[in-house]
Amino acid sequence: WRSDGTAGGTFALATTPSTSTAQNLAAFGSRVLFQASLGSSGGELFLSDGTVAGTQLLRDILTDRGNTDIQQMLPYGSRLFFRAPTPQLGTEPWLSDGTQAGTNVILDINPQSSSTTPSDPVGWNGDIWFGGHWPGAGIELIRTNGTAAGTLLGVDVNSGGAHSGPR
């Protein structure tokens, strides 16, 4: 929905009755990214500029009509950081520039293993820091500059695989 605070200025953005409730909203410049569902997509990532014509499915991450559980959204410069699961990768960190081609997983931190499950992201000193599962270290602080090469174990508080569980 979009509203200017009046009854006449309140209207639905989606054009189909099968659209679900928008959730996990994040401001993205002059637009908003959010999770919603169309009958053809399940819960996926949408982008809106506040108009009917400018509201669209940005990326169908979980293509089997299941719901992609998009969470932990954080604006990062002109991009948006979030976490999302796929059957192939598990729950890993993603970054979007607001285009379909520019919405991608940053790095499969735990390939052929469990998910990283990024949590509580914050921007600090030009990087995004978040708690997550790092191979051999457990649940620790991870940092990323938005690239695979720039995604590193930030701090291993409890060395040797014991979790520190940062929040």
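A residue counts as buried when its relative accessible area is under 20%. Keep that cut-off handy for this tour of a predicted model.

**First stop: Phe 46.** Select Phe 46 and look at how much of it is covered. Its relative accessibility is 5%, and because that is under the 20% cut-off, Phe 46 counts as buried.

**Now show both rings together.** A search through the whole structure turns up four aromatic pairs. One of them is Phe 34 with Phe 46, a stacked pair with 5.8 Å from centre to centre and 20° between the planes. Colour the strands and you'll see that this pair links distant parts of the chain. Phe 34 belongs to strand E4 (residues 31–38), while Phe 46 sits in strand E5 (residues 42–48), twelve residues apart.

**Zoom out to the sheet.** Which strands make up the open sheet, and in what order? There are four, running E3-E4-E5-E6, and the pairing is antiparallel. Head for the edges next: strand E3 (23–28) and strand E6 (55–59) each have a single partner strand, so one side of each is left without a neighbour in the sheet. Turn the view and follow the twist, which averages 40° from one strand to the next.

**Last stop: E5 against E6.** Select these two strands, which run antiparallel and are joined by four bridges.

Key:
Residues are numbered from 1 along each chain as its sequence is written. This is a predicted model: local features need pLDDT of at least 70, side-chain atom pairs count only at pLDDT 80 or more; totals for chains, interfaces and linings use all residues. Side-chain values use heavy atoms; hydrogens and water are left out. Rings of Phe, Tyr and Trp (its six-membered ring) pair if their centres lie within 6.5 Å; planes under 30 degrees apart count as stacked, over 60 as edge-to-face and the rest as tilted. Buried means under 20% relative accessible area, exposed over 50%, partly exposed in between (1.4 Å probe, protein chains only). Two strands pair if DSSP finds at least two bridges between them. Axes are lines fitted to C-alpha atoms, for helices over the stretch in contact, and angles run from 0 to 180 degrees between N-to-C directions.
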